[in-house]
Amino acid sequence: MSEYLVDIQNLRLSFFTPAGEVKALNDVSIQMKQGDVLGIVGESGSGKSVTAYSLMGLVPEPGRILSGSIIFNGHRIHEMSEKELRQIRGNEISIIFQDPMTSLNPVFTIGNQIEEVILLHTDKNRKEARERAEELLSLVGINEPKKRLRQYPHELSGGMRQRVMIAIALACEPKLLIADEPTTALDVTIQAQILELMNELKEKIGMSIIMITHDLGVVASMCEKIAVMYAGKIVEYGTAEEIFYNPQHEYTKGLLLSIPKLTATEHEKLIPIEGTPVDMLMPPQGCPFAPRCQNTMKICLKEMPPYTDINEDHYSACWLLQKQAYMTMKDGVAR
Amino acid sequence: MAKYIVKRMAIGMVTLLIVSTVTFFLMFLVPGGPFLAEKAPSAATLKALEEKYGLDKPVPVQYKNYMLRLLKGDLGTSLKQRGREVNDIIFTRLPVSARVGGWAILVAVVLGVTLGSVAALNRGKAIDNVIVFLSTCGIAVPGFVVCTVLMYFLGAKLNILPTFGLTSYKHYIMPVIALSFYPMSYISRLMRSCMLDVLGQDYMRTAKAKGVSQWAALFKHALRNAILPVVTYLGPLLAYTLTGSFIVEKIFTIPGLGDSFISSITGRDYPLIMGTTIFLAFLVITMNVVVDIVYKLVDPRIKLG
Ligand SMILES: Nc1ncnc2c1ncn2[C@@H]1O[C@H](COP(=O)(O)OP(=O)(O)OP(=O)(O)O)[C@@H](O)[C@H]1O
Ligand code: SF4
Ligand SMILES: [Mg+2]
């Protein structure tokens with residue numbers, strides 16, 4: 001067994017759509033130890049969700065894993081059958097989705113939906129499952145749990161429903177919790193409450209978390225490690241410290257300039273990243289960020305930049321970091 | 001809930017009042033009369049007959065008399081089948097129609113739901129295309145054509161099924177197929193589109209992420225949601241099918257309510273026409289209330305009121 005809880009190696013994954021092959025993941029590698037909290041940031045379509053889903057063996061049609069390996073808690077996910085994967089989902093690894101309004105089944109009670117996952121993965125009987133469900137609702141800060149168990153999703157507010165989703169996710173004490181933009185669909189105040197709850201639970205339960213978001217503020221408040229994704233590739237990886245105070249990739253730098261600074265007291269100007277996201281049907285040959293980068297060089301257009309280690313826990317894929325490329329760069333800056 | 005039922009019943013009564021009034025006055029617009037059949041009776045006989053049934057009285061008086069009797073649940077006596085109560089005719093004919101109709105509904109719902117779900121699960125594949133084609137035919141082809149085709153092949157050509165009457169289980173097969181074809185097609189199309197919608201819903205993804213098996217997700221999470229519109233359709237379907245199809249009963253010579261209704265119209269048997277119409281209206285209204293209540297049981301989001 002590898003020392004990692006999550007060990008994704010060189011994952012390539014494409015969607016074979018009628019319009020052509022969408023290369024959703026290009027050589028993605030992620031390692032996480034037990035207890036790590038990883039934030040994945042990046043703009044819409046960069047492959048954050050697909051990465052997380054593939055970890056559960058949930059690749060939506062018409063997606064195919066082309067190469068690479070996904071190992072979670074010693075399971076070789078990419079080689080497992082549906083039946084084997086079912087034993088893990090909701091049990092060792094669980095997920096909360098973006099939209100709590102639609103993620104719960106409208107025709108079943110809250111209790112039923114929490115108990116379902118307990119009955120599925122433990123040998124608790126109905127009565128014990130109900131007790132556990134009640135306990136879970138208290139854990140996620142829902143008052144009057146007995147009454148709530150008998151209610152239907154439409155009787156609860158959005159924030160409450162997301163708490164229920166969290167309760168479902170935690171029901172079997174998973175080793176890893178994936179949160180796919182868990183607060184995007186909620187009001188700002190409710191967002192803060194849900195994040196606070198997750199932070200609390202992280203301490204209490206000690207599970208690993210993958211936090212997916214486009215909101216750097218969210219990751220800053222809870223993640224130790226951050227992976228920045230761009231066009232199906234992790235362009236920079238590092239500790240939260242490093243990413244915020246020592247960003248290396250041009251995209252990361254742009255991303256940081258485009259959000260309000262956490263430390264800034266005076267009103268600083270926000271600078272949006274110019275240009276449009278990559279067309280994933282026809283990704284550029286070299287660095288995917290090249291069309292939007294301020295420092296594009298000729299080599300950037302031709303070849304994919306390799307990873308450069310900045311320090312032990314920080315690496316990034318940008319030609320600017322490749323000393324020798326930089327030095328031998330005879331052709332200079334392209335524009 | 002009880003309040004809701006009472007309210008619906010009250011609205012139903014008003015609807016019934018309107019239906020019976022409209023039917024009553026429509027009767028007077030129809031040319032011809034009940035006693036103008038093959039051999040016209042003498043003027044004296046005609047006068048005596050009209051007197052006997054109160055047809056000589058002014059229209060408002062006739063209307064008043066009719067409505068008063070209706071309040072007591074008395075639909076009057078048939079003009080053609082001498083001395084028989086309309087109530088009596090309806091209640092001997094209804095069970096015949098209801099038996100055929102009941103089977104037809106069962107077949108339509110079970111097959112419709114199954115075919116629709118199978119089509120949705122195999123979207124775009126051959127089996128989906130076949131089901132969509134068949135159900136489109138079922139909706140487009142009129143009932144009498146279905147009856148005729150069935151009779152020609154199964155009855156006349158292959159001679160494996162009887163073509164008229166209702167004396168053995170074999171007699172049920174063709175009328176049940178004929179009666180269930182349209183609703184089955186309708187339900188399967190409805191089911192297919194609802195199922196496709198439901199399968200793409202976020203809560204199905206949640207079920208999968210919980211480790212629920214594909215079949216359990218389908219039967220527990222998807223079916224219950226996808227079947228809701230079918231439940232709505234069930235109200236009118238029950239009322240119309242249980243009371244017998246005019247065409248199917250006429251073609252297969254089934255002595256049901258639909259058959260009796262046609263004869264009453266061609267024979268200008270006013271009380272029977274009105275009685276049957278009002279009874280049908282009553283049934284439709286009742287079935288809709290029943291379905292509303294069932295709907296509430298299946299879908300907790302529905303608020304009755
Ligand atoms: N079912 C699918 N069929 C075809 N393409 C898909 C499918 N799911 C995702 N993709 C493609 O894969 C790429 C990555 O999608 P993904 O959902 O991981 O993005 P994301 O980073 O999570 O974005 P967002 O912030 O909008 O959630 C996108 O280009 C998307 O178009
Ligand atoms: S590799 Fe080149 S184009 Fe890509 S981010 Fe670095 S400098 Fe910009
Ligand atoms: Mg996403």
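Tutor: Start with a term. Helices and strands here are DSSP runs, numbered from the N terminus. Keep in mind that the model is predicted.

Student: Which element gives the most to the shell around ligand 1?

Tutor: That is α1(A), with three residues. Elements giving two or more residues to this shell are β1 (6-17), β2 (20-32) and α1 of chain A.

Student: Which residues come nearest to ligand 1?

Tutor: The shell holds 18 residues. The nearest are A:Ser44, A:Gly45, A:Lys48, A:Ser49 and A:Val50.

Student: Next, polar contacts. What does A:Ser44 place by ligand 1?

Tutor: Look for pairs of N or O atoms within 3.5 Å. A:Ser44 brings a polar side-chain atom to 2.5 Å from a ligand 1 oxygen. With A:Gly45, a polar backbone atom is 2.8 Å from an oxygen atom of ligand 1. A:Glu61 also uses a polar backbone atom, 3.1 Å from a nitrogen atom of the ligand.

Student: How much of the accessible area of ligand 1 does the protein cover?

Tutor: On its own, ligand 1 has 630 Å² of accessible area. The protein covers 71% of that.

Student: Where is A:Pro62 found?

Tutor: In chain A, A:Pro62 sits in the loop between α1 (48-55) and β4 (63-72). Recall that A:Glu61, its partner in the cis bond, also has a backbone atom in contact with ligand 1.

Student: What is the phi of A:Ala231?

Tutor: A:Ala231 is not a glycine, yet its phi is positive, about 50°. Find this residue in the chain A loop between β9 (225-230) and β10 (233-239).

Student: Why does A:Ala231 count as buried?

Tutor: Buried means under 20% relative accessible area. A:Ala231 has 9% relative accessibility, so the residue counts as buried.

Student: And in chain B, what is the phi of B:Arg268?

Tutor: B:Arg268 has a positive phi of about 50°, and this residue is not a glycine either. Look in the loop between α12 (257-266) and α13 (270-298) of chain B.

Student: Is B:Arg268 buried, exposed or partly exposed?

Tutor: Its relative accessible area is 23%, so B:Arg268 is partly exposed.

Conventions:
Residues are numbered from 1 along each chain as its sequence is written. Chains are lettered from A and ligands numbered from 1 in the order in which they are written. This is a predicted model: local features need pLDDT of at least 70, side-chain atom pairs count only at pLDDT 80 or more; totals for chains, interfaces and linings use all residues. Side-chain values use heavy atoms; hydrogens and water are left out. Helices (H or I, at least four residues) and strands (E, at least two) are DSSP runs, numbered from the N terminus. Buried means under 20% relative accessible area, exposed over 50%, partly exposed in between (1.4 Å probe, protein chains only). A residue is near a molecule or strand if one of its heavy atoms lies within 4 Å of it. A polar contact is a pair of N or O atoms within 3.5 Å; within protein, one must be able to donate a hydrogen and the other to accept it, and residues adjacent in sequence count only if both atoms are side-chain atoms. Accessible areas come from the Shrake-Rupley method with a 1.4 Å probe; for residues, only the protein chains shown count as cover.
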